[in-house]
Amino acid sequence: MTQEISPVRKRATIYEVAALAGVSHQTVSRYLRNNGGLKPTTTEKVAAAIQELNYRPNLIARSMRTRRTGRVAFLLPTTTATPALPLRLISEAVGVAHGAGYTIDLIGREGSAGEQSERVQEIADSGEFEGILALGTGTQAPTPTSATPVVTMSTYDAELRGTGALADGTACGEVVRMLVGLGHRHFLHVSGPLTYASARNRRQTFLDVTAGLGVEATVVQGDWQGESGYAAIAALPRDTPVTAVVAGNDYSAMGAIRAATQRGWRVHRDLSVFGWDDNELGRFCTPTLSTVANDLERQGREAMERLIAVMRHEEPPAPDPRSLHRLLPRESIGAAPTRRPRLRAVPRS
């Protein structure tokens with residue numbers, strides 16, 4: 001099979017543009033910097049010459065002169081401890097950077113903490129990037145002698161587990177209060193793994209609020225997977241008084257809905273189920289899943305806006321003081337039932 005190879009065209013230079021337009025190369029440079037002050041006829045000549053020669057500025061040479069590269073490094077942990085990267089957060093941060101005129105290089109952080117710190121220092125000293133945004137703590141920042149600013153998103157640890165404001169369990173208490181307001185008095189909480197601060201905080205808030213309201217509460221430790229929610233409902237005795245499930249995340253909540261349906265309960269009439277994370281699949285469940293939404297977009301946006309302000313020696317915008325969590329009640333919750341069918345045993349598959 002014959003392959004055609006396109007000939008390599010020599011890249012036009014600023015001097016060739018100037019010669020074709022009949023102006024000095026300083027004038028072309030002024031046009032490219034958009035400094036203004038050029039006559040309309042001069043602007044037209046330079047623009048026509050650039051188009052005819054398909055001229056593209058040498059960004060490397062420009063960055064050496066201006067010390068600006070227009071590039072930002074986004075450092076991401078390479079870990080298997082969590083199922084996925086927070087793509088909504090990353091997408092929003094990248095969008096903010098693009099809107100401000102920057103390109104983004106996504107760079108994985110690999111190796112030990114010491115190796116990662118060396119890599120961050122190398123990136124900061126390379127001169128290729130105007131700033132660094134690091135997702136997840138655990139890596140030492142560059143030395144103060146580095147001129148490259150770094151913003152670290154400390155709401156995630158080195159394994160991408162939520163910390164700080166992201167791990168706040170307050171919204172779990174709001175969920176319990178909402179369900180108590182609907183008449184529920186017997187609760188089950190399917191927690192996440194207690195190695196996660198977010199799982200510990202939600203569990204503790206659940207226990208504190210149910211105790212304070214004088215309602216009954218049971219906790220089963222899960223693993224963020226649908227199977228753990230399914231197993232928790234499947235294990236309930238036939239005469240269980242539980243009418244409301246507060247799940248650690250949407251996957252375990254969807255597992256709970258599946259088991260409840262197989263045991264003869266109708267969600268939301270016989271059992272109310274509330275999840276966490278606003279997973280897109282929850283919007284297409286039957287019934288649609290009530291959940292707690294994490295404002296990941298705001299996290300990414302605020303972090304990138306802060307980095308851009310630091311790079312430009314501007315005052316960073318004040319962070320939004322509101323909670324990162326928002327309740328989204330949907331079809332999977334309702335008033336506590338006055339009567340309901342006894343639980344059937346889960347059929348064997």
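User: What do buried, exposed and partly exposed stand for here?

Analyst: Buried means under 20% relative accessible area, exposed means over 50%, and partly exposed lies in between, with a 1.4 Å probe and protein chains only. The model is predicted, so local features need pLDDT of at least 70 and side-chain atom pairs count only at pLDDT 80 or more, whereas totals for chains, interfaces and linings use all residues. Residues are numbered from 1 along each chain as its sequence is written, and side-chain values use heavy atoms, with hydrogens and water left out.

User: Why is Met-178 called partly exposed?

Analyst: Met-178 has a relative accessible area of 28%, and because partly exposed covers the range between the buried and exposed cut-offs, Met-178 is given that name.

User: Which residues is Met-178 in contact with, leaving aside its neighbours within four places in sequence?

Analyst: Met-178, which is found in helix 7 (residues 170-181), is in contact with Phe-274, Leu-327, Pro-329 and Ile-333, where contact means heavy atoms within 4.5 Å. Ile-333 is 155 residues apart from Met-178 along the chain, and their C-alpha atoms are separated by 9.8 Å.

User: What makes both faces of strand 9 covered?

Analyst: In strand 9 (residues 291-294), Thr-291 and Ala-293 on one side are buried, as are Val-292 and Asn-294 on the other. Strands here are DSSP runs of E with at least two residues, and helices are runs of H or I with at least four, numbered from the N terminus.

User: How do you know that strand 9 pairs with strand 10?

Analyst: Two strands pair if DSSP finds at least two bridges between them, and four bridges join strand 9 to strand 10 (residues 325-328), the two running antiparallel. The bridge partner of Ala-293 in strand 10 is Arg-326.
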